Amino acid sequence: MLDKIRALLNEIEVLKAATREEVEELRIRYISKKGVVNQLFTEFKDVAPELKKEVGKSLNDLKEAAQQKINQLKESFETTCDGSTGLDLTAPGDSISMGSRHPLAVVRNRIIDIFARLGFSVAEGPEIEDDWHVFSALNFAPEHPARDMQDTFFIEKNPDVLLRTHTSSVQIRVMERTQPPIRAIFPGRVFRNEAISARSHCIFHQVEGLYVDENVSFADLKQTLLYFAKELFGEETQIRLRPSYFPFTEPSAEMDVSCSICGGAGCNVCKYSGWLEILGCGMVDPNVLEACNIDSQKYTGFAFGMGIERIAMLLYGIKDIRHYFENDLRFLRQFKAAL
Ligand code: PHE
């Protein structure tokens, strides 16, 4: 009995309640008529006579302690005399921390925004593609070595199911279902079977653009890209086009922008050349137009494509492409943008 009383005393000492209701529950459990303390009083009659004095005193102490504890808990929820709850309702709330956009989304949205001002709409297509939309319709001959330009992930046993290696496949899908004029950009995720390093990843993002209409010329391409470069990297930016090769454009070019970090003077980012390569482009090959049932005698077009990771690296000075995919909050929290 004495042990029981001691245990209960310890228990009561550390009671806690978060609400008035909880206090009431404790009151019922410990000091109501059917509560545990009263229960002990009924057991008191069985205590040996020589112990009655000591046990009786302990029991009374216990009852007192329980009563005090419950009162004390009750008081902590008592309203103050002005009727308020005792809480300062004018105190400032806890701030909710805002999330931030992923840097790739920030840059993608900026690119979309710039081209939207030139009248380009946005279209998307599937990431799991077939050979026709990724290669054949884009003028890659069946055994042409150009297919090796991009190491492709094929679905096992079926070479006609593959992960797109570029968003040029969306060009084809749009041209198959629309006749010119077509003016659209295609942002999306692409996949290449490449070793992951600081500079390349097997998953990355592109934005591709396409403009097909009567009398679209290389001059239109150049002017569009110059406007884009100035909007993205700053008014003083210059561009340079170098001849290149893509199966789906002829002629083809690679575009450099003057280094936004050193302004063209030469630094370690532009490898002391003053220029940064940012995209591939060219006039849509007539074979591609014909593959999509567009009259290549009547219509011409230009296309361009760029990697978002690379552009974001240049804009923000990010040195390792793997940062984009690691979801390290210390990295991600640095990017705040309304777009
Ligand atoms: N699809 C090309 C690539 O992935 C880029 C490109 C697009 C080049 C359109 C020319 C025209 O590298």
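This report describes the domains, ligand site, nonpolar cores and selected residues of a predicted model.

## Domain arrangement

The protein is divided into two domains, with domain 1 covering residues 2-76 and domain 2 covering residues 103-335. Between the C-alpha centres of domain 1 and domain 2 the distance is 77 Å.

## Ligand site

The ligand is surrounded by 14 residues, and the closest are H166, S168, R192, Q206 and G305. Taken alone, the ligand exposes 320 Å², of which the protein buries 91%.

## Helix 7

Helix 7 spans residues 168-177 and is mostly covered, with seven of its ten residues buried. The buried residues are S168, S169, V170, Q171, I172, V174 and M175.

## Nonpolar cores

The largest nonpolar core has 42 residues, and F228, I278, L279, F304 and M306 have the most contacts inside it. Two or more residues of this core come from each of helix 5 (103-116), helix 8 (218-233), helix 10 (308-316) and helix 12 (329-332), and likewise from strand 6, strand 8 (249-258), strand 9 (275-284) and strand 10. Apart from this core lies another, of 25 residues, which includes F135, I182, A184 and F186.

The surroundings of F304 can be given in detail. Leaving aside neighbours within four places in sequence, F304 is in contact with F115, I185, V207, E208, G209, L221, L225, L279, G280 and C281. One of these partners, L279, is itself listed with F304 among the residues with the most contacts inside the largest core.

## Helix 10 and the residue after it

The buried residues of helix 10 are I308, E309, I311, A312, M313 and L314. Their cover includes helix 5, helix 8 and helix 11 (323-326), together with strand 6, strand 9 and strand 10. Just after helix 10, G317 takes a positive phi of about 70°.

## A buried and an exposed polar residue

The side chains of D256 and R242 are joined by a polar contact of 2.8 Å. Beyond neighbours within four places in sequence, D256 is in contact with Q238, I239, R240, R242, W275, L276, E277 and I278.

N293 lies in the loop between helix 9 and strand 10. N293 counts as exposed because its relative accessible area is 65%, over the 50% cut-off. N293 and T178 are separated by 115 residues in sequence, while their C-alpha atoms are 9.6 Å apart in space.

Note on methods
Residues numbered from 1 in each chain as written. Predicted model: local features only at pLDDT ≥ 70, side-chain atom pairs only at ≥ 80, totals over all residues. Heavy atoms only, no water. Domains from an automatic or database assignment. Buried < 20%, exposed > 50% of the residue type's maximum accessible area, 1.4 Å probe, protein only. Helix = DSSP H or I, 4+ residues; strand = E, 2+ residues; numbered from the N terminus. Near = heavy atom within 4 Å. Areas by Shrake-Rupley, 256 points an atom, 1.4 Å probe, with all protein chains shown as cover. Core = buried A, V, L, I, M, F, W, Y, C linked by side-chain atoms within 4.5 Å. Contact = heavy atoms within 4.5 Å. Polar contact = N/O pair within 3.5 Å; in protein donor to acceptor, adjacent residues only side chain to side chain.
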